[in-house]
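Good morning, and thank you for coming. Please look at the structure as I begin.

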Amino acid sequence: MAVREDEATRRLRQALVSELKTEGHIRTPAVEKAFLTVPRHFFVPPDVSPGEAYRDEVIPLMPGVATLSQPSIVALMLEELAVEAGMKVLEIGTASGYNAALLACLTGDPALVHTVEIEGRLARRAQRNLEATGYGEVRVRVGDGSLGWGEAAPFARIVLTAEAATLSWTLLRQLTDGGLLLAPLAFPGFAALLLRLWANGEEVRGGFTASPVAFVPLRGEYGAGEDGRETAAPRIQEALRLADRRGLAAERLSFSQRLALYLITTAIAESSTSPSGEVAEEGWRRFGAAGQPELERLGVALRPADGGRPGELAFPRRDCVFVLELPPERNPERGGESPSREVVQ
Ligand code: SAH
């Protein structure tokens, strides 16, 4: 449905979309169309002008609790989420309702979009924003979304718009077979990385994208900081500092390689009680043995908590086990790059 608006706001929106395309944040016609369609200035607080609503900037909604992410991050997430028409979708963290409206455009049917918000006041405002812009059919629920929305499951796509420290198996089980979950996962003292997981039969696996992101923390039962990792944080941070010194010394490490080194080091720290120096040493060794991989080459598998299996780089997080999968160790004799390829004539 087209809302009543003047030509000026439409032009502001088009200018923002051109910028997001030029910078590579919007990559597909479907996401472009959604951004051109949803009037973002209807979703911002009353003291924010349309001019401000169409800048690539974050807009505070409730201090420390909720922000309307900058459009480039929203676009990045939607491109990663690859929503197709007709898919049932779950969003955790409604806030303004803007992303829910974009999801409604992508699914082609607002009633397929389910969104959960823990703050009642925000949820009610989001509902009003959605109604005012023609997306009143979106299903908005007040509650703790860290455990998903069991009654409405399964979902072909699940997206968290708040930083999680872990994921609950209850939530992962709400994906359809072949479904995709996208979540910013926080690593204390380091960054949040976007985790992309596919459900495939009994398995959930995927990997991280190499763009660190920043969101407000997820709250609720499976919210951030409630799995006891705070106690391990100083040791992990020290190990990361040591790893970083090593990474910096090896001048040619790319940003993405350094993220991989951080992640391996964090996984070792979380799966052991070794002192930070040893963790950093082991992290560097495994990173080197795997051929100094870029972050995108690491795999992540999740299983219900059943303890790690021998030889795995696995660390438990409440009801899940995270398994970090490294590229196979390489034969140092051959040095350098991936195994040589035969030239077939
Ligand atoms: N997608 C939003 C921005 C999200 S900000 C938009 O387009 O405007 C993150 C939101 O997640 C906040 O509103 C916060 O209250 C909410 N949140 C945090 N923990 C939550 C939980 N466990 N369940 C549901 N919502 C949660």
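A cavity, on a 1 Å grid over the protein atoms alone, is a set of points where a 1.4 Å probe fits but cannot get out, and its lining residues have an atom within 4 Å of a point. A volume is the space filled by probe spheres set on the points, which are joined across faces, edges and corners. This is a predicted model, in which local features need pLDDT of at least 70, side-chain atom pairs count only at pLDDT 80 or more, and totals for chains, interfaces and linings use all residues. Residues are numbered from 1 along each chain as its sequence is written, and side-chain values use heavy atoms, without hydrogens and water.

The largest cavity has a volume of about 400 Å³. Among its 31 lining residues, those closest to its centre are Ile92, Gly93, Thr94, Thr161 and Ala162.

Where does the ligand sit? The ligand sits in the largest cavity, meaning that more than half of its atoms lie within 2 Å of the cavity's grid points.

Let us turn to polar contacts, pairs of N or O atoms within 3.5 Å. An oxygen atom of the ligand lies 2.6 Å from a polar side-chain atom of glutamate 117. For aspartate 144, an N or O atom of the side chain is 2.9 Å from a nitrogen atom of the ligand. At isoleucine 118, a polar backbone atom is 3.2 Å from a ligand nitrogen atom.

Finally, the second largest cavity holds about 60 Å³ of space. Its lining includes Leu185, Phe187 and Phe208.

How values were computed. A polar contact is a pair of N or O atoms within 3.5 Å; within protein, one must be able to donate a hydrogen and the other to accept it, and residues adjacent in sequence count only if both atoms are side-chain atoms. On a 1 Å grid over the protein atoms alone, a cavity is a set of points where a 1.4 Å probe fits but cannot get out, and a pocket is an open set with protein on both sides within 12 Å along at least five of seven lines; lining residues have an atom within 4 Å of a point.
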